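Colleague: Thanks for making time for this one! Could you walk me through the annotated binding sites?

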Amino acid sequence: MTTQCYFAPKLFDGENFKQDVFFTVEAGQIQYITESQAINVEKLSGLVAPGFIDVQVNGGGGAFFNAEQSTACLATMVSAHSQFGSTGLMPTLITDRIEVMQQAAEATAEAIASKQQGVLGIHFEGPHLSHPKKGTHSEKFIRPISEEEFAIYGRQDLGIKMVTLAPETVPLGDIERLLSLGVKVCIGHSNADYDTANAALNAGVDGFTHLFNAMSPFTSREPGVVGAALWHDNSWCGLIVDGHHVHPLSAQLAIRTKQRGKVMLVTDAMPPVGTDDTEFDFFDGRKVIRTGDRLNSTTGELAGSVLDMASAVRNTVNTLNISLAESLRMAALYPAQYLGLSQKGHLRAGADADFVVLDNELYVSQTYIGGQKR
């Protein structure tokens, strides 16, 4: 069994910064050692931090999960995002035909069975959404949950399973059935009132997909989905910090209001991430057009992002004035905790050797998944 020894001039273990650290990677896990034990040390130049975990990734490297449901597509997505420090992804399939969902499940099962690096499970964002808050999702595919979908959600070979739904369109009994199947249920693309959202939370729903976006807002007489998200202590909120989806003050207010550890950075990334592509084919004969670092459907809506997790961390530090430590936790520790991955999101002894090396400007110089350099 090969053991590799590293030296980090600065290391963030998920809670604290440490100086001049020696650690080894053996069998894909981190162990700390003293200088006297170090042999054939590889010196890492920069800040070593836990690898980022992204729970909402539609594509990257030119690949789009809705366009191609295969392990090759997943590998391309992982490769693209690993350039930016992501060591774990929840490949995300947006609202589509049942056949596409079934094929996506097959590809995910194959990836999980083969221990494909970076693939943690699958996130179905839709199709059980609200028409008024559909965003750029194809309206013709929005539908109630059928037994065919329950057959997919009930599979035990998909790794971590997430479903984003609108609770006003899905009976509470169906939500409880999803939870009984081991699905992590998130509220998103929802026009629900506070009471409906709160009932879903009380049933066991514990996530909100891209806070503020495509959900009923907080108002004086109706707290809406946003109010439920900010008020409920035992739920996590994904936040897209790209300067387009959420105003910086709104993002700061959410982080200040929400219980610490419950706001996590997400990208909602689309195929152009990691490429110079300026457009790609979308649903209903539409295209998605890239203008700088913004994506819009040809019908006008924001259509995901070209955000990567390293950029999300930089934006959180530089635009939102959140500390580097907390920004790193929002990109790694908190999503790991949301997904129940106790050995990821931190670099304490025994943790999975998923780590990233960042330069002084917080750009990625190296990424390791399971101790293997990407």
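Modeller: Happy to! Let me start with a definition: a residue is called buried when its relative accessible area is under 20%, and exposed when that area is over 50%. Keep in mind that this is a predicted model.

Colleague: Is Glu125 buried or exposed?

Modeller: Glu125 sits in strand 10, which covers residues 121-125. The cut-off for buried is under 20%. The relative accessible area of Glu125 is 2%, so this residue is buried.

Colleague: UniProt lists Glu125, His189 and His210 as "binding site" in an unreviewed entry. Why can we say that they gather at one spot?

Modeller: In sequence they span 86 residues.

Colleague: Another "binding site" annotation in the unreviewed UniProt entry includes Arg221 and His245. Is Arg221 buried or exposed?

Modeller: Arg221 lies in the loop between strand 13 and helix 6. His245, in the loop between strand 14 and helix 7, is buried with a relative accessible area of 11%. For Arg221 the relative accessibility is 79%, and with the cut-off at over 50%, Arg221 counts as exposed.

Key. Residues numbered from 1 in each chain as written. Predicted model: local features only at pLDDT ≥ 70, side-chain atom pairs only at ≥ 80, totals over all residues. Heavy atoms only, no water. UniProt positions renumbered as here; feature names shortened; annotations may be inferred. Helix = DSSP H or I, 4+ residues; strand = E, 2+ residues; numbered from the N terminus. Buried < 20%, exposed > 50% of the residue type's maximum accessible area, 1.4 Å probe, protein only.
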